[in-house]
Amino acid sequence: MNVAYYSPMPPERSGIADYSALLLPALRRHLEVSVVRRGRTRPARGTDLSLYHVGNNPDAHGWIVDALRRRPGVVVLHDFVLHHLVAGLTIGRRDGHGYLDAMEREGGVVARLLAHGVLDKRIPPLWESRPQEFHLAGEVLGLATGLIVHSHHVEERARAAGFEGPIWRVPHPAWPVPAFAPEPVDGDPLIGSFGNLNSSKRIPQLLEAFARLRRDRPGARLLLVGATSPGFDLDRRLQRLGLPSDGIVREDYVDERRLWALMAACDVCVNLRAPTMGETSGSVVRQLSLGKPVIVSDLGWFSELPAAAALKIPVGEGEVDALHAALELIARDGGVREAMSLAALELARREHDLDHVAELYASALEQAAGGEAVLGSVLGDVTTAAAEVGIPAGSPEASELARRLHEIELGR
Amino acid sequence: MRIAVCAPQVPFVHGGAEIFTDKLVDELRARGHETELVTIPFKWYPGTKVLSQAFLWRLADLEESNGTPIDMVIATKFPSYCVRHPNKRVWVLHQFRQAYELDRTDLGQFSEEPADRALRRSVQRLDRVALGEAKRLFATSQNVAGRIERSTGLRPEVMPHPPQELPYRCEEYGDFVLSVNRLDRAKRIDLLIEAAALDPGLRVVISGEGPDRERLEGIARERGLNGRVEFAGRTGEEELASLYARCLAVYYAPVDEDFGMVPFEAFLSHKPVLTTHDAGGPLEIVSDRETGLVTAPEAPALAEAAGWLREHRAEAEAFGTAGHEVAARVTWDSCIERLLA
């Protein structure tokens with residue numbers, strides 16, 4: 001079986017490009033895979049099925065949605081909220097009406113009026129200010145013949161949005177842990193945060209909780225790795241909280257090797273986020289593979305991490321208190337750190353193992369390509385046999401047969 | 001307790017699985033349980049027959065019989081565990097192996113066509129649902145349990161079952177290697193015949209019948225083995241026990257076998273087992289130079305191992321005796337206690 005594979009690929013700098021680079025060799029052990037050249041939207045010849053990786057970035061995924069429009073197929077939904085993508089596909093291509101229509105399709109006249117406000121520059125872009133209120137995934141869901149998702153959260157949201165096709169939940173694959181020495185960064189404890197510095201990563205809350213922790217634990221240090229988002233004034237915040245410069249270790253963008261080495265140096269990694277667009281976090285998966293205790297926001301995919309491996313922080317009221325308590329627990333209790341570390345390693349091995357993920361992908365794609373023929377054949381057999389013994393369609397006995405078929409996932 | 005033991009029936013085929021289910025019924029009855037063996041014919045080809053035939057089990061109503069409740073069902077082999085029952089126990093002898101480790105091998109069933117690939121996945125999904133319904137789930141070996149865990153995420157308890165009852169004994173460490181198995185390609189009896197062709201001192205007795213017999217006899221003929229390979233056909237209980245009692249060692253090396261009772265039977269006769277690195281389940285009890293010899297799945301390696309045993313009969317006896325201790329620990333009392341708990 002040959003699958004046409006649409007995804008950003010390295011050297012493009014995108015988490016999904018890295019994801020595909022990791023997954024493809026393992027997937028090719030199960031299936032023939034033809035990676036479609038970037039920008040090519042014509043259906044690939046000689047393939048049985050198309051697989052489209054869709055995320056929220058219009059530069060990386062716009063052409064993939066164009067290809068999906070020409071040949072429906074299985075969509076890997078990396079983010080559920082696709083507002084930014086749709087804005088790029090419409091407004092970004094001077095198609096304001098397309099944006100109005102997308103908003104109206106999802107939110108009715110009120111949403112259309114809001115969209116007008118965006119086009120007229122009367123209100124800030126909704127994909128920046130309130131993307132979670134209008135996911136705009138409708139068109140992609142309508143074109144998908146099946147979905148691959150990474151979380152129950154996205155599965156439930158897709159169902160709530162009316163998607164009726166098959167959904168396969170496949171965990172995010174884990175990278176093999178490279179051989180290296182941890183970076184020599186001091187801290188007792190050393191707390192790591194990896195990713196862009198902005199409000200949606202809850203950096204203000206993290207800084208506040210860390211400042212409290214440092215009052216009792218002057219040896220604690222916070223490692224912040226990632227670019228500072230425009231408009232996020234880190235220095236001013238540090239100053240206001242009275243955090244001395246020796247408490248913070250700052251790194252901008254780092255390459256993959258240094259990223260691993262810095263993560264390995266940490267005692268705990270903090271990965272907060274709100275709102276969520278339905279995404280998973282490659283950083284968290286890397287940290288689990290390293291056996292690091294993680295602290296996450298209690299929402300979306302992050303909520304689904306087992307409590308043994310992740311401390312979960314409610315978003316909003318009490319967030320800083322809960323985060324401070326979690327950091328204090330990790331700092332104080334070596335037993336907790338060790339138990340969480342073991343649970344993280346076990347989770348990475350059990351759920352995120354690359355071969356396991358590739359097997360689940362292959363299973364989903366094989367079912368997507370041939371499942372309908374299988375169901376048709378089985379139902380044909382059963383219907384014929386039923387008719388031969390006088391069980392007509394629509395009878396209670398036929399309903400019983402249908403129920404039993406559904407129980408073992410052989411029904412339509 | 002009223003118990004229905006469920007097993008598929010392949011008409012005109014009788015092998016280890018059938019011996020096992022018959023014995024399970026007997027042992028449950030011997031402990032005072034009203035027990036019945038329930039079977040449905042199973043044909044797994046062509047095309048989607050494997051699913052529509054499995055579906056027959058789903059339609060069977062075993063919650064009661066003739067107005068009297070059935071307290072428990074114990075299902076064994078695919079697809080009998082598709083049966084519905086509020087107190088379903090499954091003791092897995094085999095999944096449908098063509099959908100798992102035999103896929104894309106000479107013994108596989110599913111082609112590369114999308115419909116065939118999807119059919120294989122449907123079998124796996126069926127397993128996930130049907131085994132997931134079990135109140136308790138057992139596997140006859142770590143090999144089977146591992147496969148179930150990898151394919152369904154379920155974690156069966158490992159519970160080997162005792163072999164058939166025979167008048168096991170040891171009379172000598174004689175001059176032949178015994179193969180006890182159904183004659184089909186997956187059992188790789190041809191490897192033993194090729195080993196005999198390489199070692200003029202190796203005599204082989206092959207017990208069992210099956211569709212591969214003609215091919216195997218052809219190999220023996222072509223290699224001019226002059227009676228050193230004897231096809232004994234299906235042997236009765238006494239005759240089989242006598243072969244076990246007199247052989248030097250027992251050969252058992254199917255491809256990634258789920259479990260296999262033969263090593264246990266060999267051990268109960270104090271005989272070492274000759275097997276291969278890729279034999280699967282048997283490796284859980286056959287340890288190299290402890291309870292037998294484990295070689296590469298190649299005729300020269302097997303010939304060398306058989307020759308070594310011939311030259312080292314004291315070691316052969318020691319391996320067989322160590323094996324006996326392993327086999328003696330597996331009893332019906334302990335199995336049934338766990339099964340019904």
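**Sheet and cavity**

Author: Strand 8 (residues 221–225) and strand 9 of chain A pair in the parallel sense over 4 bridges. This is a predicted model: local features need pLDDT of at least 70, side-chain atom pairs pLDDT 80 or more, while totals for chains, interfaces and linings use all residues. Residues count from 1 along each chain as written, chains are lettered from A, and side-chain values use heavy atoms without hydrogens or water.

Reader: Why are strand 8 and strand 9 of chain A called a pair?

Author: Pairing requires at least two bridges found by DSSP. Strands are DSSP runs of E, at least two residues; helices are runs of H or I, at least four; both are numbered from the N terminus. Strands 8 and 9 of chain A have 4 bridges, so they pair. In this pairing, A:V225 stands opposite A:E251 of strand 9.

Reader: What makes strand 9 and strand 12 of chain A edges?

Author: The open sheet has 6 parallel strands, in the order 9-8-7-10-11-12 (chain A). Strand 9 (248–251) and strand 12 (310–313) of chain A each have a single partner strand, so one side of each lacks a neighbour in the sheet.

Reader: What makes the largest cavity a cavity, and what is its volume?

Author: On a 1 Å grid over the protein atoms alone, a 1.4 Å probe fits at its points but cannot get out. Its volume is about 80 Å³, meaning the space filled by probe spheres on points joined across faces, edges and corners. Lining residues have an atom within 4 Å of a point; among them are A:S193, A:L206 and A:V270.

Methods. 1 Å grid on protein atoms, 1.4 Å probe; cavity = no way out; pocket = protein on both sides within 12 Å on 5 of 7 lines; lining within 4 Å.
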